[in-house]
Amino acid sequence: MIGQTAPVDADERVHVHITDAHATVGAPFPWARLGTPALHRYGGWESAGHWASGGRSFAALRSRSASSSAEPPNKAAVISSQRARKPSADSPVASR
């Protein structure tokens, strides 16, 4: 998971609503502003990196409960044109 974080150690939670240009008010919804240190204090997540770009801070997190026995990612992607084509009924062998 990647998210934008506050550049300071913030931990703020509020309910907000959106008001449009016609003063129409939307339903309230929960909103949080967290800094990277606050994100790390919450259980279930571990840091996978953090960086800043254009004056904005970002953090990559991964679940601590993810199984360590999961298969490793493939070393190279297979482009569909590299796969053997399924032969049609008229042709017993795929043409390459």
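Colleague: How many helices and strands are there in the protein chain?
Modeller: In this predicted model, the protein chain has one helix and five strands.

Colleague: In what order do the elements run from the N terminus?
Modeller: The order is β-β-β-α-β-β.

Colleague: What share of the residues counts as buried?
Modeller: Of the 96 residues in the protein chain, 14% are buried. The accessible surface of the chain is about 8,100 Å², and carbon and sulfur atoms account for 57% of that surface.

Colleague: Turning to salt bridges, how many are there?
Modeller: The count is four salt bridges. One of them pairs Glu46 with Arg62, with the closest N and O atoms 2.7 Å apart.

Colleague: Which strands do Glu46 and Arg62 lie in?
Modeller: Glu46 belongs to strand β4 (residues 45-53) and Arg62 to strand β5 (residues 56-63), so the pair ties together parts 16 residues apart in sequence. Glu46 is partly exposed at 30% relative accessibility, and Arg62 is partly exposed at 46%.

Colleague: And which residue forms a salt bridge with Arg33?
Modeller: That partner is Glu12, with 3.1 Å between the closest N and O atoms. Because Arg33 lies in strand β3 (residues 29-34) and Glu12 in strand β2 (residues 11-16), this pair ties together parts that are 21 residues apart in sequence.

Notes. Residues are numbered from 1 along each chain as its sequence is written. This is a predicted model: local features need pLDDT of at least 70, side-chain atom pairs count only at pLDDT 80 or more; totals for chains, interfaces and linings use all residues. Side-chain values use heavy atoms; hydrogens and water are left out. Helices (H or I, at least four residues) and strands (E, at least two) are DSSP runs, numbered from the N terminus. Buried means under 20% relative accessible area, exposed over 50%, partly exposed in between (1.4 Å probe, protein chains only). Accessible areas come from the Shrake-Rupley method with a 1.4 Å probe; for residues, only the protein chains shown count as cover. A salt bridge is a side-chain nitrogen of Lys or Arg within 4 Å of a carboxyl oxygen of Asp or Glu.
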